[in-house]
Amino acid sequence: MAKKSLGNIRRSFAPWTDPAAKPLVTFERVTKRFGAVSAVEDLSLAIHAGEFFALLGPSGCGKTTLMRMLAGFETPDSGRILLDGVDLAGIPPHRRPTNMMFQSYALFPHMSVEANIAFGLRQEGMAKADIAARVAEMLALARLEGFAKRRPDQLSGGQRQRVALARALAKRPKVLLLDEPLGALDRKLREETQYELMDLQSELGMTFLMVTHDQDEAMVMADRIAVMERGRIAQVAPPEEIYEKPASRYVAEFVGDINIFEGAIAAIAGDIITVESPVCGTILLDEEDVSLPAGARVFVAVRPEKIVISHDEPALSANKVSGEVWDIGYLGDYTMVQVKIGGEGGPLIKVALANHARRAERPIAWEDQVWLSWEIEAGILLGGEA
Amino acid sequence: MNARHKLRRLAVLAPPMLWLGLFFFVPFLVVLRISLSDSAPAIPPYAPHWPGLGEIGTFIRALDIENYITLLSDDLYLGAYLSSLRIAATATLLTLLLGFPLAYAMTRAPKVWQPALLVLVILPFWTSFLIRVYAWMAILRPEGVLDQVLGQLGITSAPLNLLNTEAAVLIGIVYSYLPFMVLPVYASLERIDPALTEAAADLGATPLKRFFLITVPLAMPGIMAGAFLVLIPAIGEFVIPDLLGGSDTLMIGKVLWTEFFANRDWPLASAVAIVMLLILVGPLLLFQRLADTGRRA
């Protein structure tokens with residue numbers, strides 16, 4: 001029987017799965033140190049043409065340094081960066097076919113919107129008429145037609161963001177670099193802009209490389225995400241794989257909410273793994289290609305939305321645990337319930353309750369005794385190290 | 001509420017207004033009144049004297065603009081004004097050419113050094129201005145420090161005879177006013193977001209173009225402030241041309257001093273001062289205007 005796919009979406013664009021495809025950008029064993037601190041450590045990565053690629057990680061993980069090395073603002077201490085087969089070593093930023101949208105936007109305050117967008121084209125020595133045509137095209141693309149003569153300080157935050165984008169796109173770079181592109185926008189505008197950026201990217205067929213610390217942003221927009229941890233890549237995969245099949249405890253905990261149980265493998269029968277956990281007894285998992293031996297210390301991770309909460313004991317032999325409702329956070333679209341296992345001092349398990357209906361028959365209350373359970377496919381097996 | 005608000009505003013505005021009135025406007029009126037009087041062998045050496053409110057009519061009728069006509073008809077004064085402007089403008093340009101790279105280098109220095117560098121720029125102020133100008137006399141005079149050093153190094157064989165030349169005056173002004181250029185230029189350079197020059201580089205601008213298209217325009221408020229801080233006092237400078245410039249250098253500050261102390265012609269000296277003030281007000285208003293448009297941009 002064929003395995004079900006991860007998540008509930010199907011992607012038709014996946015050049016990274018084709019071993020014959022030639023990547024557009026390649027980082028080869030790149031290391032960059034600042035003093036004694038290494039920002040990027042022996043990192044290799046390939047990004048394909050047409051991809052919307054996100055570098056995701058907490059601040060200080062090296063994602064910005066990695067992007068700045070591609071733009072030419074930092075020089076790697078060792079390793080190579082190739083763009084379209086060309087080694088970028090020794091090429092200064094002003095001669096690289098990449099353009100960046102800066103986190104602060106870095107709009108030139110003494111120039112009009114028009115002049116900002118035309119700046120890069122003027123440096124190329126493009127003919128005046130062509131510049132005017134391209135600027136008009138960019139203004140239309142960024143929905144800024146009426147604002148050509150304005151100065152940056154006469155624009156709203158969202159408009160400034162679009163000017164920065166238009167300016168970076170004007171030269172039609174081989175790779176567009178986006179440094180926290182939505183970081184300065186408020187929530188509502190950020191959500192709208194996410195989809196605009198995605199539409200723009202597929203319309204232009206351009207390669208986008210984005211740096212972000214915001215997992216939602218990366219999940220929504222990117223074709224693939226590289227989760228970074230202290231200068232290294234923890235996992236590179238499409239969003240649904242990052243979420244449903246994290247490669248390590250770090251990735252599992254960084255992306256989304258998760259419950260982690262410690263335990264040991266008791267038995268392996270084909271794809272069905274049995275783990276004995278001190279907190280919730282026997283856990284059954286369905287995982288392929290498990291290389292760990294029986295007896296190995298492991299972590300089992302379960303996402304809050306995959307746990308079912310009930311007042312009555314479910315008719316299951318495993319994957320269930322009872323506890324007391326400790327905290328309830330009502331968020332509108334779902335409710336986050338924290339359940340304490342084993343009384344005072346015990347661990348808390350997070351359960352996300354989707355609010356499908358407007359009214360619940362048996363609502364959950366604080367201090368209720370409840371049962372938690374999950375499907376055999378819900379659990380994720382993670383190696384015991386770290 | 002409204003009355004209290006007005007009162008509070010008045011309380012905030014009153015001290016500076018009072019200060020300006022007492023130490024600028026009133027003295028200005030006194031000098032203006034003397035400039036409209038005639039020179040007379042009296043104490044103080046002008047006429048008419050204030051006769052009291054009863055005879056204010058006769059008093060006002062005795063005032064005239066004769067001194068201003070003298071200023072316009074004698075080439076000496078016009079020449080002095082023009083040469084002051086020329087020397088001050090040249091010195092301002094030289095100060096900018098020297099001060100901008102200095103300020104730029106300071107912003108590029110490691111952050112921990114910058115406070116120390118700023119102190120170094122201000123450090124000369126801890127010694128009296130007059131003493132520093134005297135020191136320049138010792139450096140520039142024939143067989144002075146400069147001649148000796150250059151002679152020892154074999155660069156020059158004969159004394160340069162710099163003292164009592166316009167070059168000495170320029171050296172003196174540039175040296176004395178350099179901090180007034182460096183500080184505002186540094187302040188405006190330091191405020192420029194480094195991401196702006198990076199963005200320009202990213203968009204294809206060479207280092208030279210980044211400098212002239214981004215750095216210089218954004219540093220313009222500082223450059224203008226520095227230029228006027230140097231230009232305006234330099235026009236009226238007296239000590240430097242008197243000590244370093246000798247009798248050949250004609251500057252309006254020196255003319256003023258001569259009229260006042262040597263010729264004891266207070267009314268004419270006052271007229272010179274008033275005209276100098278008017279000349280300085282021109283560029284000041286221009287500066288205000290530029291600063292305003294700069295702020296609106």
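Leaving aside its neighbours within four places in sequence, which residues is A:Glu240 in contact with? In this predicted model, the residues that A:Glu240 touches, once those neighbours are set aside, are A:Leu6, A:Gly7, A:Ile9, A:Arg11 and A:Lys245. A:Glu240 itself belongs to helix α7 of chain A, which covers residues 239–244. Its relative accessible area is 15%, and because buried means under 20%, A:Glu240 counts as buried. One of the residues it touches, A:Arg11, returns in a network of salt bridges that links A:Arg11, A:Asp223 and A:Glu240.

Chain A has 386 residues, of which 48% count as buried, and its secondary structure consists of eight helices and 20 strands. Taken along the principal axes, the C-alpha atoms of chain A fill a box of roughly 75 × 50 × 45 Å. When one considers the contacts in chain A between residues at least 6 apart in sequence, 67% of them join residues that are at least 24 apart.

In chain A, the side chains of A:Glu41 and A:Arg33 meet in a salt bridge with an N to O distance of 3.9 Å. What is the relative accessibility of A:Glu41, and is this residue buried or exposed? The value for A:Glu41 is 19%, so this residue counts as buried, whereas A:Arg33, with a relative accessible area of 41%, is partly exposed. The cut-off matters for reading these two values, because buried means under 20% relative accessible area and partly exposed lies between that value and 50%.

A second pair in chain A is formed by A:Lys149 and A:Glu114, whose side chains meet in a salt bridge at 2.9 Å, N to O. This pair links distant parts of the chain, since A:Lys149 sits in the loop between α3 (128–141) and α4 (157–169) of chain A while A:Glu114 lies in helix α2 of chain A, the two being 35 residues apart. A:Lys149 is exposed, with a relative accessible area of 66%, and A:Glu114, at 27%, is partly exposed. A further salt bridge joins A:Lys306 and A:Glu305, where the closest N and O atoms are 3.0 Å apart. Here A:Lys306 is partly exposed with a relative accessible area of 24%, and A:Glu305 counts as partly exposed at 38%.

The next matter is how chain A meets chain B. The contact takes 23 residues from chain A and 20 residues from chain B, and the area buried between the two chains is about 1,800 Å², with carbon and sulfur atoms giving 61% of it. In chain A, the residues that lose the most area to chain B are A:His94, A:His110 and A:Gln123, which together account for 31% of what that side buries. How many salt bridges are counted between chain A and chain B? The count is one, and in it B:Glu198 pairs with A:Arg68, the closest N and O atoms being 2.5 Å apart. Across the interface, seven residue pairs are found in polar contact, with both residues at pLDDT 80 or more. On the side of chain A that touches chain B, the elements giving two or more residues are α1 (63–71), β6 (98–101) and α2 (113–124) of chain A. The residues of that side divide into 11 nonpolar, seven polar and five charged.

Elsewhere in chain B, B:Val149 has its place in helix α7, residues 145–152, and at 42% relative accessibility it counts as partly exposed. The C-alpha atoms of B:Val149 and B:Ala262 are separated by 38 Å, and the two residues are 113 residues apart along the chain.

Key
Residues are numbered from 1 along each chain as its sequence is written. Chains are lettered from A and ligands numbered from 1 in the order in which they are written. This is a predicted model: local features need pLDDT of at least 70, side-chain atom pairs count only at pLDDT 80 or more; totals for chains, interfaces and linings use all residues. Side-chain values use heavy atoms; hydrogens and water are left out. Contact means heavy atoms within 4.5 Å. Buried area is the accessible area (1.4 Å probe) that two parts lose on being put together, summed over both. A salt bridge is a side-chain nitrogen of Lys or Arg within 4 Å of a carboxyl oxygen of Asp or Glu. A polar contact is a pair of N or O atoms within 3.5 Å; within protein, one must be able to donate a hydrogen and the other to accept it, and residues adjacent in sequence count only if both atoms are side-chain atoms. Helices (H or I, at least four residues) and strands (E, at least two) are DSSP runs, numbered from the N terminus. Ala, Val, Leu, Ile, Met, Phe, Trp, Tyr, Cys and Pro count as nonpolar, Asp, Glu, Lys and Arg as charged, and the others, Gly among them, as polar. Buried means under 20% relative accessible area, exposed over 50%, partly exposed in between (1.4 Å probe, protein chains only).
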